[in-house]
Amino acid sequence: MTTGTALAVITGLLLAACGGGAPVDPPSVPATGVPAQPDPRGMLAARVAVAKDQRYIAAYTLVVQGKAPRSVLVTVAIDRTWRVDIQGGALGGTADVAIANRPEGVYQCPINPSNGCVKVAASNKKLPVSIDPRLQYVFIAWLDVLLDRQVPLAVAPADPLAGTSAPCFAVEPGVTAVQPPIDAGVFCYNDRGILAAAKIPMGQLTLTGDPAPAPETISLPGPVITAAPLGTSAPPPPKPSSSSPSVAPSISRSR
């Protein structure tokens, strides 16, 4: 290469470096929006919020493995008093009881036949464990638990339970809870906020038919009395008589 040619090449390179246009940005790639994932707990809470505002009379069937189906009748009155009648809710399934809540307290009332009502707790408070059928919490106390974001719960969509097409959610209380505020289970609410089905340790509840209009207030199935409430466990079998059986006298034969 001659000296002139080399100078020409160097000059061209310098001119290109100084006089080149602004750098061109690479073509932008259009951002694709990622759809927000549904929040199962929020979806469940939305239905439970509707449930809290409902007033109704609803009949359910309770199926417990190895036992005949039982009936449960739930009444949530307009004045927020409530009553849950549970077939086989006491004495190991051999006695029917109603758990009723009024401003003056919670009552346990044997029904069919009615033997009066015994006050067993302050209004809207838990019952002593030995007499507590626990089914009433599904319709009352657990609604507040499902709505409270401060309560550690794991919530996930679940397959519909038998007997309902309502959306269902599996609920598991936080492992850090010493006394879980709710039992683990599957809860299904329809669009009206009515519990359509629930699968809990006690068995599976399924709504039977359409709910009826609620009364102004609930009524107790008997007068308030002072007596011992019925326990949930079966009563112990009767003790055998302590008296010794009589011994038949021996008959001597004459020789």
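Tutor: The account below begins with the whole protein and then turns to the pockets and the aromatic pairs.

This is a predicted model, in which local features need pLDDT of at least 70 and side-chain atom pairs count only at pLDDT 80 or more, while totals for chains, interfaces and linings use all residues. Residues are numbered from 1 along each chain as its sequence is written, and side-chain values use heavy atoms, with hydrogens and water left out.

The protein has four helices and eleven strands (DSSP runs, H or I of at least four residues for helices and E of at least two for strands, numbered from the N terminus). Of its 255 residues, 36% count as buried (buried means under 20% relative accessible area, exposed over 50%, and partly exposed in between, with a 1.4 Å probe and protein chains only).

The largest pocket holds about 520 Å³ of space. A pocket here is an open set of points on a 1 Å grid over the protein atoms alone, where a 1.4 Å probe fits, with protein on both sides within 12 Å along at least five of seven lines; lining residues have an atom within 4 Å of a point. The volume is the space filled by probe spheres set on the points, which are joined across faces, edges and corners. The lining consists of 28 residues, and Trp 82, Asn 124, Phe 139, Ile 140 and Ala 141 are the closest to the centre. Helix 2 (40–52), helix 3 (135–139) and helix 4 (141–147) are the elements that give two or more residues to this lining. Helix 4 provides the largest share, five residues. By class, the lining has 17 nonpolar, five polar and six charged residues (Ala, Val, Leu, Ile, Met, Phe, Trp, Tyr, Cys and Pro count as nonpolar, Asp, Glu, Lys and Arg as charged, and the others, Gly among them, as polar).

The second largest pocket holds about 200 Å³ of space. Its lining has 14 residues, with Leu 62, Arg 70, Gly 88, Gly 89 and Pro 133 the closest to its centre. Strand 3 (residues 82–90) gives the most to this lining, four residues. Seven nonpolar, five polar and two charged residues make up the lining of the second largest pocket.

The aromatic residues come next. The whole structure contains three aromatic pairs (rings of Phe, Tyr and Trp, the last by its six-membered ring, pair if their centres lie within 6.5 Å; planes under 30 degrees apart count as stacked, over 60 as edge-to-face and the rest as tilted). Phe 139, already named in the largest pocket, forms a tilted pair with Tyr 60, at 5.0 Å centre to centre and 55° between the planes. This pair links distant parts of the chain, since Tyr 60 lies in strand 1 (residues 56–63) and Phe 139 in helix 3, 79 residues apart. Tyr 60 counts as buried because its relative accessibility is 2%, and Phe 139 is buried with a relative accessible area of 5%.

A further tilted pair joins Tyr 137 and Trp 142, at 6.4 Å centre to centre and 35° between the planes. Tyr 137 is buried, with a relative accessible area of 5%, and Trp 142 counts as buried at 3% relative accessibility. Together with Phe 187, Tyr 137 and Trp 142 form one aromatic cluster.
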